[in-house]
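Before reading on, please look at the model below with care. The questions that follow go through it step by step.

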Amino acid sequence: MRRDGTAPQMSSLSLLEVRGLDLYFGTPSGGVHALRNVSLEVPAAQIVGIVGESGSGKSTLAYTVMGLLPENAEVTAGAIFFEGRNLFNMPSSARRGIRGDRLSMIFQDPMTSLNPVRSIESQMIDIQHHDRLRSRREKRARAIAMLQRVGIPDPDSRIGDYPHQFSGGMRQRICIAMALLVEPALLIADEPTTALDATLEVQIIRLLKDLQEEIGCAVLFVSHHLGAVAELCDRVAVMYAGEVVEQGTVRDIFHNPAHPYTRALLECDPGRIRKRTRTLPTIPGDVPSLLGVDGGCIFRQRCPSAFDRCRQEKPVEYRIGPEHSARCHLLSEEQKVSA
Ligand SMILES: Nc1ncnc2c1ncn2[C@@H]1O[C@H](COP(=O)(O)OP(=O)(O)OP(=O)(O)O)[C@@H](O)[C@H]1O
């Protein structure tokens, strides 16, 4: 696994490539090792889900890609390539440019991205500031058309309203409209439906899928909700306590899970996926502390199949299929992904 920041060769078609990422948060109790050797790819125009229990590092990964980490975070290894360029080697002005233009994000709470004291109109015109060819009038017309597309009734008159004048579901639709107005190559959606009721969630998931197909952007979709991931995504990465323990196509993960953690999530109650239960099933035991993580398998304390080697040695990534891999000693040495 390359962790040196040299450009990727094997999968040069991917829009986003996260390679061997290690990240710590400095805290008074010591360094929280929140991401460990995380590698992930998002091919152009595909939807990749990241699923895992609370504290597994999903949001931290999303914020690292966006370049929106808090001051106590430090990336100690790895690289992130976006459209072939290492984001960590760019000046911050170039990174900001990419963030407003090629990369967009929607958050769990719409008010994270909406300014409560500015009208939707001024915020939607502002977000198009990279576009120097269109006039303000044209930008307003584009904003209205996008509001219409995401299902805001009477957008012509409502565009002048303020965020508090819309319901939670409508606010999230407005955030989606704003994020897609710049026609990003990659949209990062960090649990965008968690604050909504189940009916609204279904509507927002369908809207995201339709818009992704229309615009042709890729989506990195962070979620607790296995059903939503199964419905929306092409590929899935399963995270546990700061590591990607398994990744593959939706079919690989939901029909042929290889890692005991993924299996535990699915076997707890397979009907939950169908019934659209919105929280991840609870599996016995607790997520381990990320202070002073040792060299063994991170899942071993909760793993029904753990054996001696799991305590002594961290599993490498084993290839199970063309796009399917997992980090577990139960998988044979012959399937090891070449280093
Ligand atoms: N600013 C911070 N300072 C210290 N530790 C942090 C900080 N932000 C996150 N962490 C820790 O990093 C780990 C990963 O957190 P993260 O929020 O990325 O997980 P998550 O999978 O997104 O969880 P959730 O589903 O609850 O949002 C957790 O142990 C968390 O406590």
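Q: How many bridges join strand 4 to strand 5, and in which sense do the two strands run?
A: This is a predicted model, in which local features need pLDDT of at least 70, side-chain atom pairs count only at pLDDT 80 or more, and totals for chains, interfaces and linings use all residues. Residues are numbered from 1 along each chain as its sequence is written. Strands are DSSP runs of E with at least two residues, helices are runs of H or I with at least four, both numbered from the N terminus, and two strands pair if DSSP finds at least two bridges between them. Strand 4 covers residues 73–82, and the number of bridges joining it to strand 5 is two, with the strands running antiparallel.

Q: Which residue of strand 5 does Phe82 stand opposite?
A: Strands of a sheet pair through backbone hydrogen bonds, either parallel or antiparallel. Strand 5 (85–86) is one of the edge strands, together with strand 2 (30–43), and each of these pairs on one side only. In strand 5, the residue opposite Phe82 is Arg85.

Q: What is the order of the strands in the open sheet of four strands?
A: The secondary structure of the protein comes to twelve helices and twelve strands. Four strands form an open sheet with antiparallel pairing, and their order is 2-1-4-5.

Q: Why is strand 7 largely enclosed by the rest of the structure?
A: A residue is buried if 20 or more other C-beta atoms lie within 10 Å of its own, exposed if 12 or fewer, and partly exposed in between, with C-beta atoms placed from the backbone. In a regular strand the side chains alternate between the two faces of the sheet. In strand 7, Leu186, Ile188 and Asp190 on one side and Leu187 and Ala189 on the other are all buried. Strand 7 (residues 186–190) is largely enclosed because the number of its five residues that are buried is five.

Q: Which residue of strand 8 does Ala189 stand opposite?
A: Ala189 is also the bridge partner of Ile106, and strand 6 (residues 103–106) runs parallel to strand 7, joined to it by four bridges. Strand 7 also pairs with strand 8 (residues 218–223) in the parallel sense, over five bridges. In strand 8, the residue opposite Ala189 is Phe221.

Q: Which helix gives the most to the shell around the ligand?
A: A residue is near a molecule if its C-beta atom, placed from the backbone, lies within 6 Å of it. Of the 16 residues around the ligand, Phe25, Ala34, Ser54, Ser59 and Thr60 come nearest. Strand 1 (14–27), strand 2 and helix 1 (58–66) each give two or more residues to this shell. With three residues, the element that gives the most is helix 1.

Q: Does Asp294 count as buried or exposed?
A: Asp294 has its place in the loop between helix 11 (271–274) and helix 12 (308–312). Because Asp294 has 11 C-beta neighbours inside 10 Å, it counts as exposed.
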